[in-house]
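This report describes a protein chain for a reader who has not seen it before. Please look through the sequence and the structure before reading on.

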Amino acid sequence: MTRIRSAVAAVDRRSFLTATGAVGISTGIGLALGAGGGPGEAAAAPGATAASSVPVPRTPAASPTRSVPARTTLETVAAPRDSSAAFRRLGDGPGWRRVVRESLAAPRAGRAARRTVLSSFVQLTDMHLTDVQHPVRTEYLRSQGVSGWRPQEALTVPGAVALIEQINAIRSGPATGAELTFAVTTGDNTDNNSLAELDWYLTVMSGGRISPNTGDSRRYEGVQNSGERLFWHPEDSRRDTDKEYGFPQIDGFLDAAIRSVNSPGLRLPWYSTVGNHDSLASGAIADRTGYLAEFAVGARKLYDVSNGDAKTLSKILAKGSRPGGGELIDLLRESKRSMRSITPDPGRAPFGPREYVSAHLDPSRVGAGPVGHGYTKANLDSDTLYYTFPMGENITGISLDTTDRAGHFTGSLDSAQFAWLKRRLKEHRDEYVVVFSHHNSWTMTNTHPDPARPGETRHNGEEVLELLNKHRSVLAWVNGHSHRNSINPRGSFWEITTASHIDFPQLARIIEITDNRDGTLSLFTTLIESAAPHGTDFGDLSQTGLAALYRELAHNAPGSTTAPAGKLMDRNTELLITR
């Protein structure tokens with residue numbers, strides 16, 4: 001954490017996410033509501049061709065070098081052993097079969113023998129590495145809906161490390177056997193737009209030791225030992241909201257949650273795309289007063305508000321109607337007497353776009369490469385977060401920044417970036433192109449003008465779809481944000497939206513692109529879980545045990561449904577396309 005804590009903090013913040021396309025309490029504020037490529041072109045990727053109430057003890061941390069099987073959701077998926085139980089324990093369930101989708105082209109016999117691989121990579125999205133002790137978080141809005149706070153949030157770091165372990169173990173694409181050549185994140189890598197979280201994210205991806213704790217280095221200071229019965233208190237035998245749902249008592253949980261973990265780092269080169277939670281306070285607020293930035297590093301935290309205040313604030317935030325966050329700031333100013341003391345920490349300061357790029361360019365963050373992970377000094381100089389990068393021979397990736405710096409959890413493109421995208425599509429018209437972004441087409445509805453550029457037009461998802469359909473070179477638009485799997489034909493290309501790695505079922509996606517040598521291409525999509533075992537042991541608070549518990553808590557989180565997994569046609573697929 002020490003590398004980033006000394007950086008200069010900007011007032012920019014992150015935004016909301018939307019759980020199912022409709023905005024709920026769990027979808028926003030800190031969770032709290034449901035070189036020729038433009039500014040930067042990355043160097044070629046190396047190797048690429050272009051329930052129990054019984055207290056339980058904790059056990060030591062697991063070795064980071066443990067053996068991991070190469071497992072995908074084709075073979076098995078975590079599933080409840082007893083769906084009727086109040087707290088559903090997970091185990092090995094049946095895998096999801098591959099579905100051939102013919103909306104854009106008909107499959108032709110013999111294509112498996114003819115095909116050649118153009119690109120093979122992994123998409124990670126919406127990891128939401130979360131500082132659960134951050135003062136700006138609005139957990140208290142859970143009073144307006146139980147899905148407004150996640151019981152699993154304290155375990156995002158060991159959960160993400162287990163995902164890295166699984167990707168490292170797979171090594172080759174399950175559909176073609178071709179070596180995986182890179183990985184790409186599609187935003188919301190952090191949750192609270194905090195320097196500490198940015199440090200955790202870069203260390204998870206590039207490798208190293210992470211202490212997922214801020215404030216007091218010796219103890220947890222957050223809602224889970226606050227005495228507020230609205231939240232799960234894992235080390236307290238008294239009833240609370242989540243114990244009503246069967247959540248267990250687990251002694252030692254909070255000490256384990258802030259204990260250091262080790263990440264091996266991805267063995268693949270990786271590229272980074274930014275999301276609203278990486279750019280805006282609470283994923284939605286562009287506070288230009290500086291109040292939230294100051295509050296973030298301070299010594300006070302609000303755990304509880306009146307039902308009336310919570311109801312009013314949650315409605316305003318759900319609409320995103322005032323992206324400057326004035327209502328939240330007013331609430332914090334008026335609630336000082338009811339706040340509790342915590343240990344201040346400069347590592348909780350927010351970061352702006354330049355700090356984000358600078359952190360990626362840090363030589364100590366190279367990992368498996370490339371330097372900057374897509375971002376270059378040109379991005380730093382131009383204050384931009386979009387670029388192109390090589391995905392293989394004759395195929396180019398375009399990474400966009402869909403967050404509006406004026407605030408709001410939905411997305412859009414500013415005019416300068418929209419014009420840049422047009423130029424890049426023309427420049428690569430004789431190649432294949434894959435577009436990456438955080439927001440998907442139906443959540444790019446933000447028309448708030450940036451105060452820094454009040455006359456500039458914002459471009460929505462429909463406009464982006466129209467533009468991409470003018471270019472037959474575009475094969476896919478790969479994104480996240482909605483925390484659910486969804487694959488849709490979009491005229492001449494596929495839009496591939498992948499579920500998050502914080503909400504169940506906690507997935508990432510392998511994508512393999514092949515030329516079938518018959519006038520068609522196939523895009524194979526295969527979902528993967530983390531390397532953590534499906535079954536859990538409440539007595540195992542090792543690094544691996546916590547990653548397994550992370551999944552099981554997410555499955556049991558109040559308000560959790562099976563919807564984020566999508567239908568079979570949104571999971572493991574072969575997507576045909578004519579070219």
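How many bridges join strand S20 to strand S21, and do the two run parallel or antiparallel? Strand S20 (residues 520-528) and strand S21 (residues 573-578) are joined by six bridges, and they run antiparallel. Leu523 has Leu575 of S21 opposite. Two strands count as paired if DSSP finds at least two bridges between them.

This is a predicted model, in which local features need pLDDT of at least 70 and side-chain atom pairs count only at pLDDT 80 or more, while totals for chains, interfaces and linings use all residues. Residues are numbered from 1 along each chain as its sequence is written, and side-chain values use heavy atoms, with hydrogens and water left out.

**The chain as a whole**

The protein chain holds 14 helices and 21 strands. Helices (H or I, at least four residues) and strands (E, at least two) are DSSP runs, numbered from the N terminus. Of the 579 residues in the protein chain, 64% are buried. Buried means under 20% relative accessible area, exposed means over 50%, and partly exposed lies in between (1.4 Å probe, protein chains only).

**Sheet and hairpin**

S20 and S21 belong to an open sheet of seven strands, in the order S3-S21-S20-S19-S4-S5-S8, with mixed pairing. Its edge strands are strand S3 (99-101) and strand S8 (270-271), each of which pairs on one side only. Strands of a sheet pair through backbone hydrogen bonds, either parallel or antiparallel.

Strand S17 (residues 486-490) and strand S18 (residues 493-497) run antiparallel and are joined by five bridges. Ile487 has Ile496 as its bridge partner in S18. S17 and S18 form a hairpin with two residues between them, and Gly491 in the turn has a positive phi of about 80 degrees.

**Loops**

|---|---|---|
| Gly369 and Pro370 | about -15 degrees | Pro370: between helix H10 (353-361) and helix H11 (377-382) |
| Phe504 and Pro505 | about 15 degrees | Pro505: between S18 and strand S19 (508-515) |

The loop between strand S5 (182-185) and helix H4 (195-206) holds Asp188. Phi of Asp188 is positive, near 50 degrees, although Asp188 is a residue other than glycine. Asn193 is in the loop between S5 and H4 as well, and Asn193 has a positive phi of about 50 degrees without being a glycine. Asp188 counts as buried because its relative accessibility is 0%. Asn193 also counts as buried, at 0% relative accessibility.

Ala281 sits in the loop between helix H6 (276-279) and helix H7 (291-296). Its relative accessibility is 1%, so Ala281 counts as buried. Ala281 and Val136 are 145 residues apart along the chain, and their C-alpha atoms are separated by 7.9 Å.
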